[in-house]
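Let's take a look at a protein chain together.

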Amino acid sequence: MPWLASVYNGLDAVWTIVAAAGPAVIYTLPVLLLVAAAFEGRDKTPGVGWLVHPDRDDADYGSTKG
């Protein structure tokens, strides 16, 4: 059954790729999620809440300036 050997060779190649890419995905996924969270509110003014400096005039952090 040479076709079965081809199937096993294909599965072995796929497993090799998954095993090699797995750690890279595990280490880069948190960084990508952090970047996505930072740019989630990008179109809002003044920007991402935890990046806004409270002493800026355009900062909207919930308090009223008098």
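## The overall layout

How many helices and strands are there in the chain? The count is one helix and zero strands. Keep in mind that this is a predicted model.

The chain has 66 residues, and buried ones make up 8% of them.

Helix α1 runs over residues 2–38, which is 37 residues. From its first C-alpha to its last it reaches 52 Å, close to the 54 Å expected at 1.5 Å a residue.

Where does α1 bend? Look at Thr 28: the helix bends there by about 35 degrees. A proline, Pro 30, follows within four residues.

## A nonpolar patch

Now for the surface. Met 1, Trp 3, Val 7, Tyr 8 and Leu 11 form a nonpolar patch there, and together they have about 620 Å² of accessible area.

Val 7, one of the patch residues, lies in helix α1. Why does Val 7 count as partly exposed? Because its relative accessibility is 39%, which falls between the 20% limit for buried and the 50% limit for exposed.

Methods:
Residues are numbered from 1 along each chain as its sequence is written. This is a predicted model: local features need pLDDT of at least 70, side-chain atom pairs count only at pLDDT 80 or more; totals for chains, interfaces and linings use all residues. Side-chain values use heavy atoms; hydrogens and water are left out. Helices (H or I, at least four residues) and strands (E, at least two) are DSSP runs, numbered from the N terminus. The expected span of a helix is 1.5 Å times one less than its number of residues. The bend at a residue is the angle between axes fitted to the seven residues ending there and the seven starting there. Patches are made of residues with over 30% relative accessible area and no salt bridge: like charges are joined within 9 Å, nonpolar side chains (Val, Leu, Ile, Met, Phe, Trp, Tyr) within 5 Å. Accessible areas come from the Shrake-Rupley method with a 1.4 Å probe; for residues, only the protein chains shown count as cover. A salt bridge is a side-chain nitrogen of Lys or Arg within 4 Å of a carboxyl oxygen of Asp or Glu. Buried means under 20% relative accessible area, exposed over 50%, partly exposed in between (1.4 Å probe, protein chains only).
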